[in-house]
Structure formats: structure tokens, C-alpha cells
Amino acid sequence: MLRTFALLALCLPALALGDGLPSSPYIEVSGHGELHVAPDLAYVNLTLEKTSLDAKAARADVESRAAKVIALARELKIAEKDIKAPAVTVYPEYEWHQTSSGDGKQVLVGQHVTRSISLTLRDLSRYGALADGLFAAGVTRLDDVVPDRSDRDQLQQQALAQAVQDAHGKAQALAAAAGVELGAVYRISEQEGSRAPRPMMMAALKSPGAQQPEFLSGEIEIDADVTAYYLMGH
């Protein structure tokens, strides 16, 4: 359902506004456009990490598991451009230990080695094999699985066109209700914060003893919002 919101603003002709708005009477409206579509790709973000007093051993462990993840991605025909695996990061990890005297101190528990990997899965039918392989490779955290569309820019333009049409319809209704003519468009601007697709689904992940994980297709929401200013006729 399209969200509706409209504001009828009247400005005296003699008053010039300093924020770029018309100096003559105008109508201000907002418009919303929204598409619900099935995703055709997913961004899979995961983390590999290890903490050990032996930094070299911890790094070797993380690098070994990362190599398995990258090999799995290639085996599943994920293109090199769709595999992002930055170098490992290493930092000391401390814990607060309370002493018998009531004092406390920071104690080094090891060097924490971490490596994040991001994969773009363009064939969702391979999601089950990917999830199985990631767990088998020893992934520490599967941070998120974000569904998206390969043609999202086109769909975003469609949602934007819907938003403009929605705003125009509201402006016409307001003008008719006020008994005035709807004049020319003075300005239309897209509102920020509505560019990213919002998932309307969940990706099922595998747990011990469960069947192979599957990607529940569901839908994602792609929307756009605009603010439009129309001059008022007589």
C-alpha cells in the first residue's frame, strides 16, 4: 500500500522565501513508490577468527579456513570479482582478572586473528551447497545473508516514477479541494534513506542434524520517496 502524506502550503506573494521555495502560493506534496520483487542474488558476509597466544598458529588456522572458503566459492562458480577477502587483522585480546587482594589487572589472553569474506551469490539454487560448505570449512560467524536484485537500479527508477506519479495525484486532489488550478511543477527532489532494498524474507541456515539449508525466495521491497512543489493557479 502506498503511504500517503500531503501538505498544502500557502505563501503570500509578497514574501520571498530564503530556502529556495516559491515566493507565490504553492502546494507541497510527498509521493511514495514501492515494488515487491523476488531476489535473484544474495550477498553473503562471513567471518573467520581465532585467538591464541601463538599469533603465528592463530593466523595459520584462519588462513587455512579462508583458503577452504575461497576454494568452495570457486567450485560453486562464483566469479573472482564476487569474492572479496581482505587480509587478516591481528590485535591483542585482554581479560580483566581480579586478584585476591581485591585489585585487578588486564591479562593478555592471546592474539586475536580475524578475516572477513564477502561473497556475491548470483545463482540462489547453490545456496544450500554454499551454506553446507561454509560450515564444513569452519566459518566462525555467518554474519548476514542480504538478498538483492541484479537490476536494482532499473527497479529503483520504476519506484521513483511511481513516487512522482503518486505526488502528482495528491497535488491534483489538493488543488481541486481548494478550488484552485494546479500550476507547473516548481521542484521535485528525491528523499534520502530509501535506496537500499529491504528484505521481506528469511534465509534458512543449517543446524546440526537439519536438512540441507535452502534459500527462501520471498520478496524484497524497493521503494522511493519524493517531495514535490507545484505552483498554484488562479
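1. Lys170 and Asp166 both belong to helix H3 (residues 152-178), where 4 residues, about one turn of the helix, separate them. Helices here are DSSP runs of H or I with at least four residues, strands are runs of E with at least two, and both are numbered from the N terminus. An α-helix has 3.6 residues a turn, so residues three or four places apart point the same way. The side chains of Lys170 and Asp166 form a salt bridge at 3.2 Å, N to O; the term requires a side-chain nitrogen of Lys or Arg within 4 Å of a carboxyl oxygen of Asp or Glu. Lys170 counts as buried at 11% relative accessibility, and Asp166 is buried at 13%. Buried denotes under 20% relative accessible area, exposed over 50%, and partly exposed the range in between, with a 1.4 Å probe and protein chains only.

2. The model is predicted: local features need pLDDT of at least 70 and side-chain atom pairs count only at pLDDT 80 or more, whereas totals for chains, interfaces and linings use all residues. Residues are numbered from 1 along each chain as its sequence is written, and side-chain values use heavy atoms, with hydrogens and water left out.

3. The average pLDDT, the predictor's confidence in each residue from 0 to 100, is 85 for the protein, and 81% of the residues score at least 70. Over residues 201-210 the pLDDT is below 50, and this stretch has 21 contacts in the model beyond near neighbours in sequence; a contact means heavy atoms within 4.5 Å. Residues 1-17 also stay under 50. Where pLDDT is low, the predicted coordinates should not be read in detail.

4. Which residues have the most contacts inside the largest nonpolar core? They are Leu46, Leu48, Val69, Ile117, Leu119, Leu130 and Leu134, in a core of 27 residues. Such a core is a set of buried Ala, Val, Leu, Ile, Met, Phe, Trp, Tyr and Cys residues joined through side-chain atoms within 4.5 Å. S3, H1, S6 and H2 each supply at least two residues of this core, and the largest share, 7 residues, comes from H1. A second, separate core of 18 residues includes Leu155, Ile220, Val226 and Met232.

5. Helix H2 (residues 127-136) has Tyr127, Gly128, Leu130, Ala131, Gly133 and Leu134 buried. Their cover includes strand S3 (41-52), helix H1 (55-75), strand S6 (104-121) and strand S7 (141-148). After H2 comes Gly138, with a positive phi near 85°.

6. Asp82 is among the residues that Leu119 touches, as are Ala42 and Leu130. Asp82 also pairs with Arg122 in a salt bridge of 2.8 Å, N to O. This pair links distant parts of the chain, 40 residues apart: Arg122 lies in the loop between S6 and H2, and Asp82 in the loop between H1 and S4. Asp82 is buried at 5% relative accessible area, whereas Arg122 is partly exposed at 44%.

7. The whole structure contains 12 salt bridges. Among them, Arg149 and Asp151 have their closest N and O atoms 2.9 Å apart, and Glu49, Arg141 and Asp143 are linked in a network.
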